[in-house]
Amino acid sequence: PLKHNSELFTLTYGALVTQLCKDYENDEEVNKQLDKILLFRISLLFFHFSRGYNIGVRLIEDFLARSSVGRCHDFRETADVIAKVAFKMYLGITPSVTNWSPAGDEFSLILESNPLVDFVELPDNHSNLVYSSLLCGVLRGALEMVQMAVDVRFAQDTLRGDNVTEIRMKFIKRIEENLPVGDE
Amino acid sequence: MADDVLFEFLHMEIVAHVYREHATREDIDKERVTCVSTLEVMGFRVGQGLIERFTKDCPTFKDDLDIMKFLCKDFWSTIFRKQIDNLRTNHQGTYVLQDNKFALLTQFSNGKQYLEEAPKYLAFSCGLIRGALSNLGLESVVTAEVSLMPSSVFLCCRWR
């Protein structure tokens with residue numbers, strides 16, 4: 001048996017992307033209107049982000065139950081927990097936390113590679129941003145559930161030819177009320 | 001590592017997406033068939049990919065039953081964290097795999113509630129089995145039945 005099961009996730013994710021390509025390419029509306037590739041890419045990005053968000057919103061409960069991590073007192077603590085506990089637990093890797101902004105509200109997670117794409121072949125002319133969007137959505141959704149509004153984006157990606165994969169996370173604000181989150 | 005949870009969540013999102021994508025297009029019956037087969041085909045691709053990695057360092061199997069046992073023990077436990085509970089065969093190409101607590105259904109109910117939703121959540125796994133077997137040289141048709149959640153029966157018929 002395999003030592004770990006992340007291949008199941010990445011393979012399934014790859015199958016999903018392939019399916020999406022089919023779904024959107026068959027859409028006559030998409031074909032009729034704007035630049036097909038541009039709209040398609042935007043749709044994929046949004047889709048991935050929103051799906052990632054849905055995953056993140058549920059994942060946080062699982063994480064809090066398993067990890068017995070208490071409330072984080074500041075953003076630095078949050079960064080450490082994300083890198084050393086969460087990433088390790090779900091993806092088996094520990095990114096490093098660097099590039100803190102002077103105000104302490106923004107930092108980078110540096111990964112040696114993009115953990116979602118070790119075993120997946122990218123369909124032609126589909127940007128690697130597609131894969132990255134899911135991860136960004138997961139992080140955003142999960143943190144929103146613990147009252148933190150954050151902005152998450154990929155600053156560098158090995159799939160694009162950069163040396164490392166860099167996720168940039170910026171603290172926006174504390175969410176004061178527990179507003180119900182709609183499924184998107 | 002907790003990535004079994006990640007897969008389960010991703011699986012739910014995939015089912016939701018496939019049903020949303022196809023719901024607006026065809027009539028109800030056609031929609032259901034399209035959705036189930038879309039999910040099955042996705043599972044097929046993943047099953048093929050997975051079995052390649054699993055069997056890289058394994059010796060070859062001596063017969064069909066050997067393959068099915070591998071599927072029920074090693075393959076199933078790596079994906080769903082438990083083995084198939086019961087394997088039956090008529091020794092003529094039909095195999096019945098029973099999982100009394102199928103991982104993708106445990107969140108739904110214990111019993112009859114949401115029974116009509118179950119096929120949506122089994123299609124991908126049927127594909128997984130079919131894909132794995134296909135790469136091992138066994139062409140088959142795989143279907144699933146649920147009469148009492150979360151216990152599921154996968155019916156695998158080899159065709160020559």
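## A loop in chain A

Let's start with Q147(A), which lies in the loop between helix 5 (129-144) and strand 3 (148-156) of chain A. Helices (H or I, at least four residues) and strands (E, at least two) are DSSP runs, numbered from the N terminus. Q147(A) isn't a glycine, yet its phi is positive, about 70°. Its relative accessibility is 18%, so Q147(A) counts as buried; buried means under 20% relative accessible area, exposed over 50%, and partly exposed in between, with a 1.4 Å probe and protein chains only.

A quick word on the ground rules: this is a predicted model, where local features need pLDDT of at least 70, side-chain atom pairs count only at pLDDT 80 or more, and totals for chains, interfaces and linings use all residues. Residues are numbered from 1 along each chain as its sequence is written, chains are lettered from A and ligands numbered from 1 in the order in which they are written, and side-chain values use heavy atoms, leaving out hydrogens and water.

## A hairpin in chain B

Over in chain B, strand 3 (residues 140-148) and strand 4 (residues 151-158) run antiparallel, joined by seven bridges. Two strands pair if DSSP finds at least two bridges between them. These strands of chain B make a hairpin with two residues between them, and A144(B) stands opposite F154(B) in strand 4.

What kind of peptide bond joins M149(B) and P150(B)? A cis one, with omega about -10°. You'll find P150(B) in the loop between strand 3 and strand 4 of chain B.

## Rings and charges

Over all chains, the structure holds 13 aromatic pairs. Rings of Phe, Tyr and Trp (its six-membered ring) pair if their centres lie within 6.5 Å; planes under 30 degrees apart count as stacked, over 60 as edge-to-face and the rest as tilted. Take W100(A) and F107(A): their ring centres are 4.9 Å apart and their planes at 35°, so the pair is tilted. W100(A) is partly exposed at 22% relative accessibility, while F107(A) is buried at 0%.

A charge sits over a ring if NZ of Lys or CZ of Arg is within 6 Å of the ring centre and within 35 degrees of the ring normal. In chain B, K120(B) lies over the face of Y19(B), at 4.5 Å from the ring centre.
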